[in-house]
Amino acid sequence: MTYTDYVTGAPVADTKAPAGPVNERWDKRRFEAKLVNPANRRKHTVIVVGTGLAGGSAGATLAEQGYHVVQFCYQDSPRRAHSIAAQGGINAAKNYRNDGDSVHRLFYDTVKGGDFRARESNVHRLAQISVEIIDQCVAQGVPFAREYGGLLDTRSFGGVQVSRTFYARGQTGQQLLLGAYQALSRQIAAGNVEMHPRTEMLDLIVVDGRARGIVARDLVTGKISSYFADAVVLASGGYGNVFYLSTNAMNSNATAVWRAHRRGAYFANPCFTQIHPTCIPRTGDHQSKLTLMSESLRNDGRIWVPKAKGDTRPPNEIPEDERDYYLERIYPSFGNLVPRDIASRAAKNVCDEGRGVGPGGQGVYLDFADAIERMGRGAVEAKYGNLFDMYQRITDEDPYRVPMRIYPAVHYTMGGLWVDYDLQTTVPGLFAIGEANFSDHGANRLGASALMQGLADGYFVLPATINDYLARNPHQDEVTGEHPVVQEVLAETQDRLNLLLSVDGDRTPDSFHREVGELMWEFCGMARTDAGLRKALERIPEIREEFWRRIKVPGTGEEFNQSLEKANRVVDYLELAELMCLDALHRAESCGGHFREESQTPDGEAARRDDEFAYAAAWEFTGTGQAPTLHKEDLVFEYVHPTQRSYA
Amino acid sequence: MRLTLRVWRQKNADAEGAMSTYEVDGISSDMSFLEMLDTLNEELILKGEDPVAFDHDCREGICGACSLVINGDAHGPERTTTCQLHMRSFKDGDTIDIEPWRASAFPVIKDLVVDRSAFDRIIQAGGYITAPTGSAPEAHATPVPKPDADFAFEHAECIGCGACVAACPNGAAMLFTSAKVNHLNVLPQGAPERETRVLDMVAQMDEEGFGGCTLTGECATACPKGIPLVSITSMNKEWLRATRRVAKR
């Protein structure tokens with residue numbers, strides 16, 4: 001049986017979302033959830049993997065509630081998780097601008113922005129919680145931008161027509177993360193969180209059908225150890241680094257979620273990846289990662305390309321009437337603020353037509369000349385100064401004088417481990433929060449919503465729902481290192497690393513990562529076709545076979561060994577890439593960030609096929625290279641009725 | 001470009017270290033400094049040699065992981081992080097010295113990788129506002145004057161990279177510590193813990209083995225985020241104020 005001959009198994013249902021009006025469901029769930037007596041909480045250990053916005057906030061909050069938290073990050077400090085690089089802002093339905101915003105509008109915008117592939121009850125809860133997040137962060141001392149009267153400033157972001165995005169210059173992610181990190185630090189000092197930096201999760205321990213711990217490697221000594229708990233929370237981020245070039249941190253990886261998937265957690269909508277429209281174009285083959293320029297730039301910058309193909313004049317010499325401000329032309333009411341998937345695809349289209357700018361024609365202009373004339377250079381500098389500096393440093397061009405060049409790049413993954421309303425995966429006791437789960441953004445995430453979701457999950461949702469699981473399973477048998485399951489997982493992990501070290505071939509881990517990344521970008525990137533995906537699905541197993549024949553990892557496993565870390569992550573990319581392609585192949589419709597060329601409207605917009613594909617695809621692992629089993633979760637839209645998204 | 005690199009190699013924390021020399025060729029001026037090191041490492045791996053270990057992650061200048069002393073300067077010749085330093089700052093034929101952060105409070109783990117956990121412990125000692133989740137009042141209940149908010153932000157920009165310590169002839173951590181003290185102490189939300197915060201953080205800083213401050217200003221010159229030297233003066237004022245007030249109680 002080939003990989004594409006998957007079978008469809010029993011449907012999967014979100015059994016935890018209560019019935020009733022959508023705005024009462026979260027209250028109802030919290031009331032129905034069982035509680036753990038405060039005195040009993042310290043008897044429970046919870047493992048949290050990752051210290052980004054979701055993991056950091058969850059670890060701090062669970063510890064404040066009295067649980068014993070054991071937390072891990074691969075970085076040298078929990079403060080460095082990649083949430084720190086988020087620039088633009090965080091959405092909240094505060095309606096401080098009195099511009100018609102409300103919880104319902106944020107809910108509506110998010111479901112519509114996700115192209116009707118998200119679960120209504122989750123999204124509504126997210127919109128409700130958004131207002132509490134701002135309160136919480138302000139209380140922690142997060143220095144959001146303020147007006148002269150001392151109140152909080154907001155700005156608007158792509159895909160919406162209200163101003164609901166709170167920000168801290170272009171470093172919102174950094175400031176929110178440091179808030180969570182400081183709350184976590186307080187709990188570490190109090191002895192409530194046992195923190196393991198420079199320690200990477202390599203596998204999940206499942207005993208009697210429940211998640212009971214993890215296997216992790218100390219990246220300094222190389223020692224592989226097992227850790228045990230009553231519940232395990234994965235907050236390990238997304239899998240965008242499958243593409244090699246992305247805006248993710250170099251070491252962000254998919255190992256934690258992929259190993260959990262191999263142990264029984266379903267993986268949902270893996271093909272839903274977000275290509276961000278405003279990144280700095282690549283300069284050559286040496287490129288190791290791509291840098292994002294915040295979407296907030298689209299508030300004041302105007303995007304254009306020359307009207308004529310192959311126009312090589314410098315931008316300032318191209319007269320106004322020979323420029324095509326294509327987003328303003330095609331989408332007059334949203335203009336430069338259309339959602340990310342639409343802006344990215346439009347950029348690809350004009351470049352494919354031969355009207356792209358810069359080296360290789362892989363770029364479009366983002367021009368601030370009008371904004372500087374309208375607001376003055378000082379105001380532009382105050383709003384975007386650090387982004388302009390960053391652009392200049394990387395490209396050696398001055399964006400105050402010459403328009404920026406931008407091009408889309410992989411940025412975020414909407415797919416992830418399937419979770420129910422309680423954020424629990426299909427493995428009891430295993431929870432996934434933040435970008436690691438698939439829950440709230442459907443097929444496309446709106447700008448400034450990732451920070452909102454990470455903190456909603458970590459500060460407010462998980463701490464409420466995990467109580468219910470722990471209360472219903474108060475007396476689990478103690479698991480120790482002697483348990484046969486633990487011995488087996490430890491041995492498998494050790495064998496895998498030993499194998500990587502023993503092949504002694506002639507290709508580096510990076511060369512394989514680059515190869516699979518380029519393949520994915522070509523065939524599973526901004527536009528996908530049946531034929532292209534099949535080609536990728538043929539090629540991936542070949543690369544995998546070659547990997548195990550030709551990989552070269554120097555050194556030993558008993559030391560600080562960055563090549564070994566990398567090689568082990570590539571092992572998992574080479575499996576996950578295959579599932580992403582299969583998911584993209586099976587979803588023969590276009591929706592959000594998933595664009596199938598076969599399914600488009602006459603004017604080239606994504607054509608959804610709700611009659612066939614109004615479901616989340618949750619895949620069950622059956623073996624490496626073996627056809628997985630598809631479980632569908634039907635999506636029901638009671639409040640926001642699917643229409644073709646229109647931003648014209 | 002063709003370059004000669006002299007790189008600090010040290011097998012582990014207990015081993016003796018030494019400078020080793022490598023040649024790299026075909027370096028593009030558009031490469032970041034770390035991409036240049038990637039090129040060297042790819043070659044070393046294929047030759048069966050141990051690649052040079054260095055900390056790095058976001059490569060956008062914000063996570064604070066990268067930490068190289070380049071030709072004697074923390075983060076090299078430009079005022080930025082190592083990951084945002086580009087090879088256009090160097091010339092064909094240059095010889096470049098690459099060393100780890102040098103400070104007794106930052107022991108070397110391997111090659112160019114050091115242990116900066118002392119910074120985490122300084123934050124744990126008081127670099128936070130006690131506001132358990134769920135206890136927050138409405139965000140607009142307490143307006144913050146814009147100059148105070150801007151002052152807080154300017155100090156909150158610290159990325160915890162440790163360049164200030166590496167640049168300081170005394171290995172002091174005053175700039176790092178003062179950035180967090182000033183960020184939180186100026187805000188109304190930070191006021192209740194204003195005294196204990198500065199006293200506890202400074203005490204922890206001393207305990208970690210960082211050197212004393214003689215206001216040479218090297219820290220602020222090396223800081224990729226531009227935390228100003230006057231930040232240290234502000235913290236000293238906070239510390240004196242706190243000492244007096246605590247003594248009176």
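Guide: One term is needed at the outset: two residues are in contact if their C-beta atoms, placed from the backbone, lie within 7 Å. Please note also that this is a predicted model.

Visitor: Which residues does A:Asn248 touch, not counting residues up to four places away in sequence?
Guide: A:Asn248 is found in the loop between strand E11 (231-234) and helix H7 (255-262) of chain A. Leaving aside residues up to four places away in sequence, the residues that A:Asn248 touches are A:His82, A:Gly240 and A:Asn241.

Visitor: Does A:Asn248 count as buried or exposed, and why?
Guide: A residue is buried if 20 or more other C-beta atoms lie within 10 Å of its own. A:Asn248 has 29 C-beta neighbours inside 10 Å, and therefore it counts as buried.

Visitor: What distance separates the C-alpha atoms of A:Asn248 and A:Leu292?
Guide: Along the chain, A:Asn248 and A:Leu292 are 44 residues apart.

Visitor: How many residues of strand E13 of chain A are buried?
Guide: Strand E13 covers residues 273-279 of chain A and is largely enclosed by the rest of the structure. The reason is its count of buried residues, which is seven of the seven.

Visitor: Which residue is the bridge partner of A:Ile275 in E17(A)?
Guide: E13(A) is joined by five bridges to strand E17 (residues 404-413) of chain A, and the two run antiparallel. Within E17(A), the bridge partner of A:Ile275 is A:Val410.

Visitor: In what order do the five strands of the open sheet in chain A lie?
Guide: The pairing in this sheet is mixed. Its edge strands are E1 (7-8) and E18 (416-417) of chain A, each of which pairs on one side only. The order of the five strands is E1-E21-E20-E12-E18.

Visitor: Which helix gives the largest share of the side of domain 1 of chain A that touches domain 2 of chain A?
Guide: Chain A is divided into domain 1 (276-410) and domain 2 (484-615), and their C-alpha centres are separated by 30 Å. The contact takes five residues from domain 1 of chain A and five residues from domain 2 of chain A. On the domain 1 side, the residues divide into one nonpolar, one polar and three charged. The largest share of that side, four residues, comes from helix H9 (residues 340-352) of chain A.

Visitor: How many helices and strands are there in chain B?
Guide: The C-alpha atoms of chain B fill a box of roughly 65 × 35 × 35 Å along the principal axes. Of its 249 residues, 52% count as buried. The secondary structure of chain B consists of eight helices and seven strands.

Visitor: How far apart do the C-alpha centres of domain 1 and domain 2 of chain B lie?
Guide: The domain assignment of chain B gives domain 1 (3-110) and domain 2 (116-248). In the contact, 18 residues of domain 1 of chain B meet 17 residues of domain 2 of chain B. The distance between the C-alpha centres of these domains is 29 Å.

Visitor: Are H5(B) and H6(B) roughly parallel or roughly antiparallel?
Guide: H5(B) and helix H6 (residues 194-207) of chain B pack with their axes 10 Å apart, at an angle of about 170 degrees. Angles over 145 degrees count as roughly antiparallel. The two helices are therefore roughly antiparallel.

Visitor: Which element gives the largest share of the side of chain B that touches chain A?
Guide: Here 65 residues of chain B are in contact with 61 residues of chain A. The elements of chain B that give two or more residues to this side are helix H1 (33-46), strand E6 (108-110), helix H2 (117-124), helix H3 (146-156) and helix H5 (174-185). By class, the side has 30 nonpolar, 18 polar and 17 charged residues. The largest share, six residues, comes from H1(B).

Terms used: Residues numbered from 1 in each chain as written. Chains lettered and ligands numbered in written order. Predicted model: local features only at pLDDT ≥ 70, side-chain atom pairs only at ≥ 80, totals over all residues. Pairing = 2+ DSSP bridges. Domains from an automatic or database assignment. Nonpolar A, V, L, I, M, F, W, Y, C, P; charged D, E, K, R; others polar. Buried ≥ 20, exposed ≤ 12 C-beta atoms within 10 Å, placed from the backbone. Axes fitted to C-alpha atoms, helices over the stretch in contact; angles between N-to-C directions. Parallel < 35°, antiparallel > 145°, perpendicular 65-115°, else oblique.
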